[in-house]
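Dear colleague,

Please find below the structure that I am handing over to you.

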Amino acid sequence: MQGAEFWKSKITESLKNAYIEKPEDADYSHLYDAAAETLRGILAEKYSTSAARHSSRGEKRVYYMSMEFLMGRSLRNNLHNLGYTKDFEKAIKSFGADPELVYAQEPDAGLGNGDLGRLAACFLDGLATIGKPAMGYSICYEYGIFRQKLTEGWQTEKPDDWLPGGKAWLAEKREHAVEVRFGGEIEESWYDGFHQILHKNYDSVLAVPYDMYVPGFEGNDVSRLRLWQAESSGIDMELFNRGLYAEAMRKNSEAKAISSILYPNDNHPDGKTLRLKQQYFLVCSSIADIVRRHLAAYGTLENLAEKAAIHINDTHPTMAIPELMRILLDECGYSWEKSADICFNLFSYTNHTVLPEALERWDCGMFRWLLPRVYGIICEFDRRLRITLREKGFSDAEISRMAIVENGEIRMANLCVFATHSTNGVSEHHLTVMENSVFADLYRAFPERFSSVTNGIAARRWLCAANPELTKFVKKYSAKDFEKNYEKMYLLEKHANDSAVLEELGKVKLKRKEIFAKANRDVMGNKLDPSSLFDVQAKRLHEYKRQHMNALRIISLLNEIEANPNADIDPKTFIFGAKAAPGYYVAKRIIRLIWCIGKELSESALKDRLKLCFLENYSVTTSEMLMPAADISEQISLAGTEASGTGNMKLMLSGAVTLGTLDGANVEILREVGEENFLRFGMNSDEVDALRLRGYDPMEYIEKNDELKAALDRMRHGIAGEDFSDLADLIEGKDFYMAAADFESYMDIQRKAQELFRDKETWNRMALMNIAKSPVFFVDRTVQEYCDRIWNM
Ligand code: 26Q
């Protein structure tokens with residue numbers, strides 16, 4: 001059976017099993033469950049076939065370890081990648097139902113904070129598409145990234161209870177559960193010439209795997225994401241029998257706590273014990289799984305690094321290295337040299353941040369107490385690193401800067417650089433910043449280990465699945481098979497001077513803006529105006545991303561129109577999407593500021609000209625509606641702070657023009673599209689460094705700029721009745737991310753953007769050029785580079 005008939009019969013059958021007689025009587029959640037169940041079955045089968053094919057060829061496999069995989073929804077995307085969308089939607093319609101409402105039933109699998117987790121998810125899609133065997137490992141958090149609610153502009157967090165709808169995609173594999181040990185003591189001895197390690201009095205937790213399948217485009221290959229859930233390894237009968245019931249139960253709930261919730265911090269490590277437990281829980285279970293699989297196939301670990309590559313996504317899973325060392329040393333009896341050699345060739349690492357405060361460090365005391373054997377192995381790495389550095393002629397001061405264990409702390413990034421063959425940045429610019437700042441010493445010691453691979457996005461999700469209107473346009477003017485042969489999108493460029501084509505593109509964009517406007521309103525619930533310029537800044541809230549500078553700009557416009565109602569300002573819609581880490585107070589204040597600006601706009605006489613929409617609970621799913629509707633992509637981080645960004649790529653692909661600094665992947669976007677299709681402003685990283693060195697005083701800039709001064713004054717006098725002197729103080733005081741220094745140039749480029757937007761043909765040409773040049777940012781290219789240069793597969 002094929003086509004829509006296949007889907008009709010499968011869904012009917014699945015509903016019957018759930019005691020629902022007729023599809024026409026099913027509610028939407030049942031239809032969603034039935035669809036997901038059917039698709040999961042198809043994916044499992046495809047996975048088996050593709051895994052068997054790879055195994056029979058003895059192919060090298062990549063294991064991607066990450067504390068986060070921000071998967072978003074699966075149904076629409078999986079149908080698209082497998083080519084089932086049309087038939088599926090036909091079947092659903094034949095039941096008298098609306099496919100869009102079926103898709104809407106699915107909760108996001110929000111197992112990540114932001115870019116780092118979304119990148120991991122995109123990698124699985126890309127690897128399956130280029131036909132490389134890949135497996136992701138992470139934690140099956142019971143609660144993913146919190147759901148953001150705004151009450152009068154104050155962020156509050158609600159738990160993200162995603163499993164009721166999300167588990168439809170998970171297959172339990174209890175037979176592969178693993179024991180994970182914490183605490184206890186290590187006893188060393190020598191027996192028969194062998195070093196024996198005995199781990200005593202530990203607590204154990206059970207890691208149970210749940211698998212999710214991720215198909216590549218056209219579905220020939222399927223990646224697998226294995227998510228570990230923590231369970232107690234059974235009631236402690238000894239405690240129980242001694243009458244210590246509460247104690248026995250406490251251990252039980254402590255075990256479950258490990259996989260209960262995702263830490264909501266982005267670019268800000270949190271040195272809590274539970275987080276350390278989570279990290280070890282992930283790597284211990286995953287390494288055991290990899291070792292089991294490898295032994296089953298080859299019967300030895302000698303050739304592990306030839307047949308596998310393990311990638312460490314930021315330092316969070318770094319303990320995978322000492323954990324594998326533990327197995328090779330203590331269980332296989334290999335020498336340190338041989339074990340370290342296997343690890344060196346096997347592991348590679350990507351760094352995702354340049355903020356020094358975001359580099360992970362762990363307190364030695366806590367670490368040693370929780371993971372005594374792993375701690376011992378890390379100390380041995382440290383000892384050997386120091387010897388190597390001394391041999392290379394580094395001074396004591398330099399060695400202590402590069403050491404792994406120093407000042408009572410363990411520095412995870414230093415361990416990664418020393419113990420793996422490859423340390424990567426996520427854009428060309430990021431690598432330069434790494435080499436000049438946080439990794440400067442280690443770069444001098446091991447220059448050959450550093451490289452960068454620019455991030456990429458699963459363009460099929462944001463273009464083909466989320467934006468059918470633009471997809472049709474791209475197919476019409478480039479090539480029908482561009483999804484597979486993405487470089488064909490470059491063909492769009494030859495239409496850059498065809499007025500009719502540009503006008504058609506303008507209509508596509510307008511259509512998506514209308515769809516967005518229908519679903520969203522300004523902060524006070526008024527309608528949005530699709531003919532206005534849609535100016536979008538959507539990303540996690542962080543001071544380095546400078547949402548507050550954008551806010552200052554809007555306040556300035558408000559001041560300008562109030563002073564002169566005939567001021568030369570065209571209709572604009574400012575759209576923000578941002579979650580703040582729950583404990584990050586300044587970030588929450590900035591959200592409140594933005595919201596209050598929106599309120600003030602909507603209550604003023606100019607409410608039809610300037611509108612502000614704060615998109616609540618920004619997530620993968622809301623981004624799929626937002627990106628297609630954007631005209632301007634605000635990428636305004638201080639140069640030298642954003643490692644790459646990937647939202648910038650999604651917006652470019654959707655035909656938005658980047659208004660940004662020379663930071664992260666913006667640098668490469670600019671190179672692709674050229675100055676005439678990019679709105680550049682602000683200092684570059686060298687200028688930022690020079691200014692810091694000279695001693696930066698924001699007041700120097702504020703005093704010279706009346707607009708900025710007036711905007712800050714307005715914050716002090718109140719926006720929508722609220723005093724924002726606290727934020728004004730930060731800008732007039734330290735202004736750590738130099739908003740004052742870049743403000744003038746930011747305002748200038750905004751005026752230029754308005755000018756360009758007035759000329760529709762010019763603007764549409766810029767949009768077209770951005771779309772045409774986006775293929776280098778497809779994740780298929782990124783993972784191909786990883787395979788060629790980092791993983792050697
Ligand atoms: C660490 C320890 C304890 C708790 C939380 C964390 C933690 C969690 C998430 C630390 C950092 C993150 C996330 C970092 C991140 O998303 N970085 C971004 O990575 C993207 C993908 O490479 C880049 O595009 C962004 O520029 C970078 O900011």
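Predicted model: local features only at pLDDT ≥ 70, side-chain atom pairs only at ≥ 80, totals over all residues.

Residues are numbered from 1 along each chain as its sequence is written, and side-chain values use heavy atoms, with hydrogens and water left out.

Empty space

Rolling a probe the size of a water molecule over the atoms shows where empty space is left. On a 1 Å grid over the protein atoms alone, a cavity is a set of points where a 1.4 Å probe fits but cannot get out, whereas a pocket is an open set with protein on both sides within 12 Å along at least five of seven lines; lining residues have an atom within 4 Å of a point. A volume is the space filled by probe spheres set on the points, which are joined across faces, edges and corners.

The second largest pocket has a volume of about 850 Å³. It is lined by 25 residues, and R76, E100, A465, A466 and P468 are the closest to its centre. Helices (H or I, at least four residues) and strands (E, at least two) are DSSP runs, numbered from the N terminus. Helix α21 (468-477) gives the most to this pocket's lining, with five residues.

There are four cavities of 30 Å³ or more. The largest cavity holds about 120 Å³ of space. Its lining has 15 residues, with M71, N77, N78, V214 and R461 nearest the centre. Strand β11 (203-215) contributes the most to that lining, with four residues.

Helix contacts

Two packed helices are described by the angle between their axes and the distance between the axes. Axes are lines fitted to C-alpha atoms, for helices over the stretch in contact, and angles run from 0 to 180 degrees between N-to-C directions. Angles under 35 degrees count as roughly parallel, over 145 as roughly antiparallel, 65 to 115 as roughly perpendicular and the rest as oblique.

The axes of α22 and α33 (residues 760-772) come within 9 Å and cross at roughly 80°, so these two helices are roughly perpendicular to each other. The axes of α12 (residues 320-331) and α13 (residues 336-346) also come within 9 Å, but cross at roughly 140°. α12 is therefore oblique to α13.

Yours sincerely
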